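Student: Hi, could you walk me through this structure? I'm new to it.

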Amino acid sequence: MGGALSLCLIILFFLALCSPYSSLASYNLREGSSLSVENPADVLTSPKGIFSAGFFRVGHNAYCFAIWFTEPNSWSRNLTVVWMANREQPVNGRRSKLTLTKSSNLVLTDAGQSTVWSSDTASNSTSQLQLLDTGNLVVITQKRVVLWQSFASPTDTLLPGQTLTRNTKLVSSRSQTNYSSGFYKLFYDNDNVLRLLYDGPQISSIYWPDPWLLPGDAGRSIFNDSRTAVLDSFGNFSSSDSFMVLASDYGVKIQRRLTIEADGNLRLYSRKQGKQSTWAVAWEAVLQPCKIHGICGTNSLCTYVTEFGRKCSCLPGNKMINRTDWTQGCEPDFELPCSVSTANHSGFVHLPRVEFYGYDYRIYWNYTLERCKSKCLELCDSCLGFHYKFDKGGGLYNCYAKLQLRNGYRTPGFEGDIYLKLPNSVISSLHSAQNDSNLDCSSGNLTLSLDRKYERRHVSGLIKFMLWFACGVGGLEIFIILMVWLFVIRNHENSGLDNIQAGYILAATGFRKFSYLELKKATKGFSLEVGRGAGGIVYKAILSDNRVAAVKKLTDTNQGEVEFLAEVSIIGRLNHMNLIEMWGYCAEGKHRLLVYEYMEHGSLAENLASNALDWKRRFEIAVGTARGLAYLHEECLEWVLHCDVKPQNILLGSNYQPKVADFGLSKLLNRGELGDYSSFSRIRGTRGYMAPEWVYNLPITSKVDVYSYGIVVLEMLTRNDPTRGVFDGEGGEVRPKMLVAWVREKMSACALLSEQWIDEIIDPMMEGKYNLREAQILIKVALKCVEEDKDARPTMSQVVEMLLSHENEN
């Protein structure tokens, strides 16, 4: 009995050693050990089993060392690869190995023992290769020093916690089945802006953000030098150029990845962990796929069909270069006559609602259509066609001669046409082919008239009346039924379009529409009031995804839903670390509500009243508020005036980071309408913070916000409310604007007493604990901001520069 038990124990021991799921198949590889391509069990698995690393088959007898999500897609059973070491040079399916050498170098060798890839690391300390639950593969020493990590050299995917830097980029695969490097890249450009680039065999071009926009107009900031972007596990992808996006399912900790795909689009995916899980798109960069450059190649046209997706086709007179690869485009199946004598041998084919972005030979302003055609014929090979478009701003038609025909797409919303230059012979053949496709049943007389006679019978008048009456009633019923049917169908289509558009907005920005009942439930029947002001009442809410939100119920708003949506959608696209983030809105009947992120430390006014702010926090609030206003005035796409800057509208987050809030009284204008201020006639802001322009009915510009900001800074310094005035110790209340006069009076009276006057105006609750240099800068900036003459006030970007000047001095 004892011998049998010993034999069983020995067998179980050897089975444990041989099992691929034993502890030997762990998440690490020690020095001197290897993973073999020939052994399917040679796979590293992260501690919780989320990721796996090993040899991944990319073709017949071709393998790459890769990292992938262990759980396959539920519908395709395919594995999702997130990183590859040797995507450009796969290794043989026999005798290839990944080895961690005794010198801590990770080496991938092919069948012929040649080195295909290595980490180029060396260390005298003992090290090992580990696969972490973040998806990061690291070579790490016993002292926990990371010698190499896969997060530092991404391929086409960014995982939560992985940073994209100035020295790294995401490069798409060539296709869904070809994992080698493709033509699309996500990278930081020389102006510090995160961009998507088509880098084709012949040309390269930027296509995101929209290349015709300046960085500021696209909501990007070039004033940074860190060049970093990171995705977190909640679904927030943020970049140092002020770009930030939230996943449509933001706030839930689930599996996520940001991937640049073979079709050129950058998509944020998410899925729940489980056997029936599948990846869902939570955001994508380009909502109109035909605007991605290079997708259909040269001399071709991209059309998006809802049922079938993106479709490529050659331009008239052109043929595909490679029938298996649309990216190579099309080539002319003709030769254009190119001389003065043969100019009349060419003509033009009209392609409505078509644009070919870029590659203009020249722009000819104020040209008629015939003049444009003549100019294109004169230019010969330098004009393959021209784009003819009406300029609404100038009231003229302009002609864009095209040197190359690339990035072509057709869209119903585009206001412009392309006239494609072709030989007359090709144009004739196109017309003939079109005519041949039409049926012609007019030839020959194939009808015979029959000679028949019918006798009319007498019909009584009563019967005739009854017949006409019945026909009238029946016709009326049919008309009513038809109108009701058309009304129902139209509403259904509009609802479908609204849902599609809302889905696009949600995928792009995380900004969504809430129902009134949904917000009523989230606020517990609007019982959790946290504040109120002239624009409405603010309630605390717990949304269905457990996010804490602030819901503002607007009062006295007469806007229609279309106008309201147009305004809040613009505000919803504003992204800046010092602006309150709007998550959505509600517009049902007379109800108008806005949904914001909730700021747990309340407003600046509340914190000043409770003396909760030390000097460091006050200075940081001044800088952050200035940055937020500078973004509104100068960096976002629309020119935004706040018009009610005051401590109640500056909210503080968990780390006291300031965020400018409450755009209920903001006015949105195009930059070309700066001279039109008539629409501001009823906006007045708050007494004590209002600029003199409001009182004297002068033109309203961004300088009204600058003035209000100056008052706020003086209030932070002195903790004196400008709406009530300053008590100077002699008793009696002074006028509201005396706060500015009081500070200037103190500065003048004590000018000869060094810095003593600063102690007299600084909030006495600070007990002298403040930075003298920073106090001098704040006072100087605040007094510049509250100058009576608006032209003497600085811009908010200049304010930021002045506030940060002491850092440069240090």
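Tutor: Happy to; we'll take a few residues and then some helices.

Student: Anything to know before we start?

Tutor: This is a predicted model, where local features need pLDDT of at least 70, side-chain atom pairs count only at pLDDT 80 or more, and totals for chains, interfaces and linings use all residues. Residues are numbered from 1 along each chain as its sequence is written, and side-chain values use heavy atoms, with hydrogens and water left out.

Student: How does Lys553 count in terms of accessibility?

Tutor: Lys553 counts as partly exposed because its relative accessibility is 24%. Buried means under 20% relative accessible area, exposed means over 50%, and partly exposed is in between, using a 1.4 Å probe and protein chains only.

Student: What does Lys553 touch?

Tutor: Not counting residues up to four places away in sequence, its contacts include Phe526, Ile537, Arg592 and Tyr516. Contact here means heavy atoms within 4.5 Å. With Tyr516, the side chain of Lys553 also makes a polar contact of 3.4 Å. A polar contact is a pair of N or O atoms within 3.5 Å; within protein, one must be able to donate a hydrogen and the other to accept it, and residues adjacent in sequence count only if both atoms are side-chain atoms.

Student: Let's switch to Ser300. Is that one buried or exposed?

Tutor: Ser300 counts as buried, because its relative accessibility is 1%. Ser300 is in strand β26, residues 300-305, and its side chain reaches the backbone oxygen of Cys296 at 2.5 Å.

Student: What about Thr121, where is its place?

Tutor: Thr121 sits in the loop between β10 (115-118) and β11 (127-131). At 10% relative accessibility, Thr121 counts as buried. A polar atom of its side chain lies 2.6 Å from the backbone oxygen of Ser104, and a polar contact of 2.9 Å joins the side chains of Thr121 and Ser119.

Student: Now helices! At what angle do α13 and α14 pack?

Tutor: The angle between helix α13 (residues 772-785) and α14 is about 165 degrees, with their axes 10 Å apart. Therefore α13 and α14 are roughly antiparallel to each other. Among the contacting residues are Ile777 and Val781 of α13 and Val799 and Leu803 of α14.

Student: How are those axes and angles defined?

Tutor: Axes are lines fitted to C-alpha atoms, for helices over the stretch in contact, and angles run from 0 to 180 degrees between N-to-C directions. Angles under 35 degrees count as roughly parallel, over 145 as roughly antiparallel, 65 to 115 as roughly perpendicular and the rest as oblique.

Student: And how do the axes of α8 and α14 cross?

Tutor: The axes of helix α8 (residues 615-635) and helix α14 (residues 796-803) come within 8 Å and cross at roughly 150 degrees. That makes α8 roughly antiparallel to α14. Residues making the contact include Phe619, Val623 and Ala626 of α8, and Met796 and Val800 of α14.

Notes
Helix = DSSP H or I, 4+ residues; strand = E, 2+ residues; numbered from the N terminus.
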